[in-house]
Amino acid sequence: MSPKHQPPKRQRGVILSVQGWQRLNSAQRKLAFQDNGGKPYTLEQLSERTHLSPNTLIKVRRRTIPVDRKTLMSYFSAFDLTLNPNDYTKADGKLSDYEQVPLKSPVPLNSPFYIEHLPIESLCHETLVKPGSSIQIVAPKQMGKTSLMTRILQQARAEGFYTILLNLQMAESSIVCDLNRFLQWFCAVVTRGLDLPHQVPTYWDDIYGGNANSTYYFETYLLPKLGNPLVLALDNADVLFNYPEIAREFFSLLQTWGEKASYGDRCSQIWQNLRLVMVHSSEVYAMSGVNYIEFTAELSIQLPELTGEQVQDLVIRHGFNWHPQQVKQLYQFLGGHPYLIQLTLNAIKTENISIAHFLATVTAEADIYREHLHQCLWHLHQDSVLMSAFVQVVNSSTPVEFEPILTRRLQNLGLVQVDQGKVRLRCQLYHQYFRDRLKPLGLKFPPETRQASVVVIEGVNLTANLLAHPQPTFNQLYKDLQLFVQLAQEFDGKILKSIDQGMLIVFPSALQAVNFAQEIQLTLQSAVQRDSNSELCYRIGIHWEDVIFCYTGVSGPGVKIAHHLTAEAPPGGICISHSVYEAIANHLPQPPQPMGQWQFEDSEQPIALYQLIF
């Protein structure tokens, strides 16, 4: 007897390809932006829309377990897509390395592990197609800035634009320290990237200076050679902040190029073909000793961290079928930091352990986090103001409120979250790591009392300006703080604390403190004369007495009296105490104006005050 005919088994033998996943994911994002308030669809919502079970959806999205072709067709049709042969591969086909392992930043273009930030990508594309446009992308390190930039450039190439990606880390220090040489290098590298003959020496004449020469080179040679727009992307632009003069000149030059596109003269159309993308880390804005970038882009992107829904999506893409509570635990431990989450998911997959086991055994000294955390600690050690504020956040059981500028600096460091002006640690990992390392630091820096000249700078009507015009006021404040820092360094001052509306700085001598204060007010007065829109001004108080120095700040009668003096100074003026007057009287071109004897609660005897004339 012949055996009965056995029907063939149902073939469940296809897996989404990179192209298929990108098409499907793009369609989901667009529809979610239109119909779901910009939030990614949950598994339950996808199940309802596709008529596929959550388990089947996980298999499809995991892209390691084969499903049948009809399942993919159903999924695609739910988003008005037609399944094409290039959208899937056979189950026995090997996935590429990019599909198997999510690499470190930047995430490759064909990787399924890139999470879009709706609607940032679409806004960037809409901006880039505009003549003479510019985009600025800012975020802490390893948050996905370069990954976003590479996708912007990919969209630009799809539009037929030329693209040049210039990583400023490639510029050697011997090049960056000289403006003329740096601009020649810059022009030469862009020329090579466009496969054009090197003509920089032909267009360069030292009599005109580097800014004029590079402008002439782009305007006369490079841009006219191209039939289509050029997108010039500058990655790691914060490298230039180590060279303040070069940074100021270069970023001002790029700003001028963008403005030339709207002049309406014969060259405007040429400059409209140049589009700029600037990428740099926000940590540089956290440091008090660097210049604020003088570049205003048409679109400025503050790249956010991943949301809880996006973290869940990334977990699924890595092939895990976790309960929402497990995803929540991961999110609480790491926040929405994409790089840290990627490292963790890779570790869990490699060690083949559960998320519960991982969280129960992992420590802040785990190898996968060590480099990142040490880098964060290094940044804190560079600035005593930041360290002092951050210690308060770490040691507090509730969110801490600081003055706006210090809050912004902490936020730029990437270690905290800000909610209604109050600061808290970003995640459990940071709390675990920094709690153990920062609490003992106070023991290593015992209080020390010594005489110093204390300078307190406070803004006038700053709170009202911040409420009425927040962004312009913040921008002006950053520029003013840049001036304060630069001049403090010139006169051997040390910035110890950012207080309320300004700064507290100490100097080794009263004369240095007075020269510093006069230089500030004279410079700001000149700036107001040049730009009548500048409404910020400052009061400055200076006192010489004992100051108590410790790791978490400064205190003592000298500091308290300097505060009182600042309150008595007129807007744009300088008030000094008698101890300062005695030290500098023979060095003043004009005698100060007496303000009488003042009794403060922090002084045993009345103090004579003076207003400096300058």
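**View A. Leu-410 is in contact with Leu-386, Ala-389, Phe-390, Phe-402, Leu-415, Val-416 and Val-423, leaving aside neighbours within four places in sequence.** Contact means heavy atoms within 4.5 Å. The model is predicted: local features need pLDDT of at least 70, side-chain atom pairs count only at pLDDT 80 or more, and totals for chains, interfaces and linings use all residues. Residues are numbered from 1 along each chain as its sequence is written, and side-chain values use heavy atoms, with hydrogens and water left out. Leu-410 sits in helix α21. Helices (H or I, at least four residues) and strands (E, at least two) are DSSP runs, numbered from the N terminus. At 1% relative accessibility, Leu-410 counts as buried. Buried means under 20% relative accessible area, exposed over 50%, and partly exposed in between, with a 1.4 Å probe and protein chains only. Tyr-285 is 125 residues from Leu-410 in sequence, yet their C-alpha atoms are 9.2 Å apart.

**View B. Strands β8, β10 and β9 form an open, antiparallel sheet, in that order.** Strands β8 (400-401) and β9 (416-419) are at the edges with a single partner strand each, so one side of each has no neighbour in the sheet. Two strands pair if DSSP finds at least two bridges between them. Four bridges join β9 to the antiparallel strand β10 (residues 422-425). In this pair, Gln-417 stands opposite Arg-424 of β10. Helix α21 (residues 404-413) packs on the sheet and touches β9 and β10. The direction of α21 makes about 135 degrees with that of β9. Axes are lines fitted to C-alpha atoms, for helices over the stretch in contact, and angles run from 0 to 180 degrees between N-to-C directions.

**View C. Phe-390 is among the residues with the most contacts inside the largest nonpolar core.** That core has 91 residues. Tyr-369, Phe-434, Phe-516 and Ile-542 are also among its residues with the most contacts. A nonpolar core is a set of buried Ala, Val, Leu, Ile, Met, Phe, Trp, Tyr and Cys residues joined through side-chain atoms within 4.5 Å. Beyond four places in sequence, Phe-390 touches Leu-380, Leu-410, Leu-415, Val-416, Leu-425, Phe-434 and Leu-438. A second, separate core has 45 residues, including Val-176, Val-200, Trp-257 and Ala-297. In soluble globular proteins, nonpolar side chains tend to be buried together.

**View D. Strand β6 (residues 274-281) is largely enclosed by the rest of the structure, because eight of its eight residues are buried.** Leu-274, Leu-276, Met-278 and His-280 point one way from β6. Arg-275, Val-277, Val-279 and Ser-281 point the other way. Strand β3 (residues 134-139) pairs with β6 in the parallel sense over six bridges. Ala-139 has Ser-281 of β6 as its bridge partner. Strand β5 (residues 230-235) also runs parallel to β6, over five bridges. Leu-230 stands opposite Leu-274 in β6.

**View E. Helix α17 (residues 338-351) is largely enclosed, because eleven of its 14 residues are buried.** The buried residues are Pro-338, Tyr-339, Leu-340, Ile-341, Gln-342, Leu-343, Thr-344, Leu-345, Asn-346, Ala-347 and Ile-348. They pack against α15 (308-317), α16 (324-334), α18 (355-361), α19 (367-381) and α22 (428-438). At 1.5 Å a residue, α17 should span 20 Å, and its end C-alpha atoms are 20 Å apart, which agrees. The expected span is 1.5 Å times one less than the number of residues in the helix. Just after α17, Asn-352 takes a positive phi of about 55 degrees.

**View F. Ser-577 lies in strand β16 (residues 574-577).** Ser-577 is buried, with a relative accessible area of 0%. Not counting residues up to four places away in sequence, Ser-577 touches Ile-542, His-543, Trp-544, Leu-565, Ile-607, Ala-608, Leu-609 and Tyr-610. The C-alpha atoms of Ser-577 and Ala-562 are 8.3 Å apart, with the two residues 15 apart in sequence.

**View G. Leu-196 lies in the loop between α9 (179-193) and α10 (200-203).** Leu-196 touches Thr-191, Tyr-221, Leu-222 and Lys-225, not counting residues up to four places away in sequence. Lys-225 is 29 residues from Leu-196 along the chain, with 8.7 Å between their C-alpha atoms.
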